[in-house]
Amino acid sequence: MDTTSDINTPYYLYDLDLLRQTLDQARQAANQHNYHIHYAIKANHNPIITGIIRDYGFGVDCVSGNEVIEAIHRGFAAEKIVYAGVGKSDDEIRQTLESDIFCFNVESMEELQVIDEIASEMEKTARVALRVNPGVKAHTHKYITTGLDENKFGIHPLQLQESLDLCRRSKWLDFKGLHFHIGSQITSLQPFSRLCQRVNEIWEEFDISSMGATILNLGGGLGVNYEDPEGDPIPDFQSFFGVIAENLKIPDSIQVHFELGRSLVAQCGNLITRVLYTKKGVDKEFVITDAGMTELMRPSLYQARHKIENISSSGEICKYDVVGPVCESSDVFGKAVELPVTRRGHLLALKSCGAYAESMMLRYNMRTRAKSFFKTSGKISHITNAEMISSV
Ligand SMILES: *Cc1c(COP(=O)(O)O)cnc(C)c1O
């Protein structure tokens, strides 16, 4: 079976060899500094992908109760699971306390109070890290910055003392340290060095070490190269962790954790789609594909652009607006995209679809769920083992 045969399109195609190389490099670079990596499972919760990541010894960063359940079901160690999110429900908090994961990354004073109350009712200790909003610009799309005053995430430094005081007073809260996450698809290292400087200041100003902190979690956000995925398939983890090590000035005894999502999985996935129709417009020509925003939401959600390749043709280069079949004008993969002459029936590959594509799949327009296929050593397989189906 290969990509040009008659697999029903659209489908996700994952290169597991590239995934393993990426994980190898991330792990090696982190090990040099004794850093711990949690995989941000919201980037892709496909069980084959998460199974491989688990076998590399990584932990998991979850943003919902169901992700916590899935991570445990998938065999990740509970003591390596962290749980963030601005809107944890009472049920999610209860369920997470039962599962005894490593810690909650708490995003508001009120959430901290609720965790304290529920933990006390259940007579269970809640390990917590406080997510601080550091006011650092991530220089990325406005929908994926998270560390500015205007963003909903984290505790503002003005409320941090009050939250630390509650941790100190409460019998049921076990304070583990601080958590930060400033945004996603950050392609310059400057915001990360700025983040470290803010962490150093906050750590000192609030005397975090005296609170018995043992960890600092710096979140994720390292970007990937969407323009040239073949030329630059693996992010520079070495430089990323190097910049952190250079700029962070907190006691050596503090364990430093990261939550990488996109940088681990984005480049290993492609979305394969068939051209349904071509159509002439005024001054342009449309290519209408059988994949749409339902299989890859990033373009319509954040004006993201994915490289598009015609894998059935190598003719003369023309310009096309490549659009999906969904009844929304934002269902556009790219405008004036240069492609070899493209016709009905050709297969296109949308590159860098390993992160925030399959995990964001929508059923809008009652679309059929796209399947996933996996390539190892040039061979493609579709794994339908019941054991591999998600638990939630
Ligand atoms: C989404 C998210 C991440 C991962 O972000 P990437 O840009 O995919 O690395 C990490 N931490 C938290 C809290 C998140 O919400």
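Trainee: What should I know about the model before reading any values?

Mentor: This is a predicted model, in which local features need pLDDT of at least 70 and side-chain atom pairs count only at pLDDT 80 or more, while totals for chains, interfaces and linings use all residues. Residues are numbered from 1 along each chain as its sequence is written, and side-chain values use heavy atoms, with hydrogens and water left out.

Trainee: How many helices and strands does the protein have?

Mentor: Helices (H or I, at least four residues) and strands (E, at least two) are DSSP runs, numbered from the N terminus. The protein has 10 helices and 17 strands. Its radius of gyration, taken over C-alpha atoms, is to be set against the globule rule, which is 2.2 Å times the number of residues to the power 0.38. For 392 residues that rule gives 21 Å and the protein has 22 Å, so it is as compact as a globular protein of that length. Along the principal axes, the C-alpha trace spans about 70 × 45 × 40 Å.

Trainee: What percentage of the 392 residues is buried?

Mentor: A residue is buried under 20% relative accessible area, exposed over 50% and partly exposed in between, with a 1.4 Å probe and protein chains only. By that scale, buried residues make up 56% of the 392 residues in the protein.

Trainee: Which residues is Ile41 in contact with, beyond its neighbours within four places in sequence?

Mentor: Contact means heavy atoms within 4.5 Å. With those neighbours left aside, Ile41 is in contact with Thr50, Val60, Asp61, Cys62, Glu67 and Glu70. Ile41 sits in the loop between strand E2 (36-40) and helix H2 (47-55), and its relative accessibility of 1% is why it counts as buried. Although Cys62 is 21 residues away along the chain, the C-alpha atoms of Ile41 and Cys62 are separated by 6.1 Å.

Trainee: Is Thr22 buried or exposed?

Mentor: Thr22, which is found in helix H1 (residues 16-31), is buried, with a relative accessible area of 3%. Leaving aside its neighbours within four places in sequence, its contacts are Ile234, Pro235, Phe237, Ser263 and Leu264. Across the protein, among contacts between residues at least 6 apart in sequence, 73% join residues at least 24 apart.

Trainee: How many salt bridges does the count come to?

Mentor: A salt bridge is a side-chain nitrogen of Lys or Arg within 4 Å of a carboxyl oxygen of Asp or Glu. By this rule the count comes to 15. One of them joins Lys88 and Glu111, with 2.7 Å from N to O. Lys88 lies in the loop between strand E4 (81-83) and helix H4 (90-99) and Glu111 in helix H5 (residues 109-122), so the pair ties together parts that are 23 residues apart in sequence. Lys88 is buried at 9% relative accessible area, and Glu111 is buried at 6%.

Trainee: Where do Arg198 and Glu201 lie?

Mentor: Both lie in helix H7 (residues 190-205), 3 residues apart, about one turn of the helix, and their side chains meet in a salt bridge of 2.6 Å, N to O. Arg198 counts as buried at 16% relative accessibility, whereas Glu201, at 39%, counts as partly exposed.

Trainee: What is the N to O distance between Lys280 and Glu285?

Mentor: The side chains of Lys280 and Glu285 meet in a salt bridge at 3.4 Å. Lys280 is exposed at 67% relative accessibility, while Glu285 is partly exposed at 22%. Elsewhere, salt bridges that share partners join Glu230, Lys307, Glu309 and Lys351 into one network.
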